Amino acid sequence: MSRLPPALLIGAALSGVFLAVALLSLVWIPHPITGVSIATRLQPPSGTHWLGTDQLGRDLLSMLMVGAQTSIAVALIAVGIGVALGVPLGLAAAASRGSPLDEIIMRGNDLIFAFPSLVIAILITARYGPSATNAILAIGIFNIPVFARVARGGALPLWTLDYILAARTAGKGKLRISVEHVLPNLMNLLIVQATIQFSLGILAEAALSYVGLGAQPPTPSWGRMLAEAQTMIYTHPMLAVLPGLAIVLMVLGLNLMGDGLRDALDPRLRRGRG
Amino acid sequence: MARYLLLRALSLGLSLVVASVVIFALIEVIPGDPAAFMMGLNATEENLAALRAELGLDGSALDRYVVWITGMLTGDFGISYTYRVPVAELVLDRLWVSLPLAVYALTLSTLIAFPIGILAAATRGTATDYGIMGATQLGIAIPNFWFAMLLVLLFAVTLRWFSAGGFPGWDNPAAALKALTLPAVALALPQASILARVMRSALLETLDQDYIRTARAKGLSRAQAIRRHALRNALIPVLTIIGLQFSFLIAGAIIIENVFFLPGLGRLIFQGITQRDLIVVESVTMLLVFAVILVTFLVDLAYALVDPRLRRR
């Protein structure tokens with residue numbers, strides 16, 4: 001085992017901090033964020049409120065901490081939907097390469113690609129009203145073809161290898177081979193892709209909440225904090241800067257981790273890195 | 001090639017049909033009365049009946065779908081429930097903001113990404129390369145709507161070079177372009193970052209090929225080899241990514257229009273959502289999805305024209 005890529009360490013540390021903060025916020029935040037306190041609204045950073053307060057007098061640091069929960073939960077569940085539905089579809093397509101099933105799965109994938117998360121969210125929200133669940137569904141549905149494609153692409157070359165042939169000769173069915181022999185060899189690919197989709201999910205959740213299609217008040221979310229701060233950008237620019245900074249650092253951490261993981265898990269890339 | 005074209009065209013048609021069925025089903029067929037949803041709690045029974053008749057809700061779902069889709073095909077997108085004007089008219093009006101914005105952003109991102117990506121590849125492994133890669137890594141992580149807010153903070157609030165939003169119309173082209181500049185820059189940033197990275201890795205890949213070594217052996221400098229041979233081949237994956245990015249460009253434009261209060265298709269959709277104008281939402285999303293599917297199709301075709309090996313797939 002060679003030394004870990006620095007990108008992986010930096011990325012894991014950054015994302016780890018956010019994960020820890022989100023977990024911490026489940027049991028403790030500096031100030032409660034449920035009440036509205038006009039007396040303490042729009043305060044600058046101080047000993048009591050480290051990052052100041054927002055337009056409703058809520059502690060900004062506490063809002064950011066709980067906002068991390070929303071972002072991480074939405075993006076993580078969306079990755080779960082993508083993996084749970086996309087990977088089996090991709091494995092099935094690879095196992096039946098060239099068959100009508102393969103063709104249907106891949107064309108269906110192309111079709112979902114034509115519906116960006118935003119469009120799915122627009123359609124669901126137009127009819128059912130906005131909620132964090134809509135955001136999860138919209139991002140999750142878009143994740144399905146991503147994972148299906150990665151699983152199929154990774155599985156296809158495996159099916160031509162000798163050890164799979166051996167398993168087939170031993171009388172194992174396609175389902176069993178897919179689960180026992182193909183899937184374990186795809187784990188690296190899937191972990192890297194999951195990290196990437198996780199980071200894209202954080203960005204997508206922020207965008208959806210920003211335009212009002214995601215988490216609804218009073219649930220704090222980074223995207224909505226930005227939307228609310230926009231009208232006050234002339235007088236209180238920090239309210240618009242800090243939530244954005246949180247998004248950037250979290251996404252940057254996950255992207256670095258994804259790149260680092262890819263380098264660490266793929267020995268072929270280790271040599272040719274340029 | 002003819003067979004390939006036919007198959008691709010068939011699959012394009014099929015995709016459009018399925019996409020339209022999905023949109024129609026989500027908006028109109030799922031349980032609940034769209035008319036009651038649109039009019040809200042204070043609707044009188046009389047008004048509801050009138051709206052139901054207008055929407056054709058008394059007919060079967062299949063009848064309504066056929067009416068809607070033939071309308072879409074002939075340019076009749078229905079009458080907006082809130083504006084009381086044809087949706088086609090609204091769309092055409094708004095397209096004059098959204099389309100120039102998208103083209104502007106695409107142009108900017110290409111102009112930024114190509115030189116940067118080529119520079120990074122040409123200086124592979126140096127401080128310049130690492131600097132560029134770091135900057136693009138950051139560019140990908142920045143949400144475009146937040147970058148837009150920062151641009152407003154710097155150029156509209158502090159420096160006062162641009163206005164913070166709004167659109168003066170195309171009567172004064174210079175003012176219109178100026179109003180679209182900050183939005184286009186915000187939209188171009190993540191696109192340019194991704195594109196620059198693709199450009200760099202595509203160029204590095206071609207630079208490893210034998211024909212480049214031959215060109216160098218013939219006495220061409222590294223810069224000459226890049227310009228005359230590597231660049232052209234590296235363009236294929238780059239153009240594909242530009243095509244695939246189209247749907248993200250559209251989604252990004254919808255969001256950015258909201259930051260700058262631009263009267264484009266994005267604003268139209270969100271007004272449609274808040275005003276529960278399902279007719280607008282349904283037809284405009286169908287147009288957007290149609291555009292994405294069409295662009296993907298055209299990219300596929302262009303790819304097959306450039307690279308004959310792909311036609312056999």
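Two residues are in contact here if their C-beta atoms, placed from the backbone, lie within 7 Å. Keep that in mind as you move through this predicted model.

**Stop one: Ala135(A).** Select Ala135 in chain A and show its surroundings. Leaving aside residues up to four places away in sequence, Ala135(A) touches Val74(A), Ala121(A), Glu205(A), Leu208(A), Leu213(A), Gly214(A) and Ala215(A).

**Stop two: the core.** Now widen the view to the largest nonpolar core, which has 163 residues. Ala135(A) is one of the members that touch the most others, along with Ile122(A), Ala148(B), Met199(B) and Val289(B). Next, colour helix α2 of chain A, residues 60-95: with 20 residues, α2 gives the most to this core.

**Stop three: two helices of chain B.** Select residues 144-158 (α7) and 173-207 (α8) in chain B. Their axes lie 9 Å apart, and the helices pack at an angle of about 140°. That angle makes α7(B) oblique to α8(B), and their crossing is right-handed. To see the contact, show side chains on α7(B), including Phe147(B), Ala148(B) and Leu151(B), and on α8(B), including Leu182(B), Pro183(B) and Leu189(B). By class, this contact has twelve nonpolar residues, one polar and no charged ones.

**Last stop: where the chains meet.** Show both chains together: 31 residues of chain A are in contact with 40 of chain B. On the chain B side, α1, α6, α7, α11, α12 and α13 each supply at least two residues. Highlight α13(B), residues 278-306, which gives the most to this side, with eight residues. Coloured by class, the chain B side divides into 31 nonpolar, eight polar and one charged.

Note on methods:
Residues are numbered from 1 along each chain as its sequence is written. Chains are lettered from A and ligands numbered from 1 in the order in which they are written. This is a predicted model: local features need pLDDT of at least 70, side-chain atom pairs count only at pLDDT 80 or more; totals for chains, interfaces and linings use all residues. Axes are lines fitted to C-alpha atoms, for helices over the stretch in contact, and angles run from 0 to 180 degrees between N-to-C directions. Helices (H or I, at least four residues) and strands (E, at least two) are DSSP runs, numbered from the N terminus. Angles under 35 degrees count as roughly parallel, over 145 as roughly antiparallel, 65 to 115 as roughly perpendicular and the rest as oblique. A crossing is left-handed if the near helix is turned anticlockwise from the far one by less than a right angle, and right-handed if clockwise. Ala, Val, Leu, Ile, Met, Phe, Trp, Tyr, Cys and Pro count as nonpolar, Asp, Glu, Lys and Arg as charged, and the others, Gly among them, as polar. A nonpolar core is a set of buried Ala, Val, Leu, Ile, Met, Phe, Trp, Tyr and Cys residues joined through C-beta atoms within 7 Å. A residue is buried if 20 or more other C-beta atoms lie within 10 Å of its own, exposed if 12 or fewer, and partly exposed in between; C-beta atoms are placed from the backbone.
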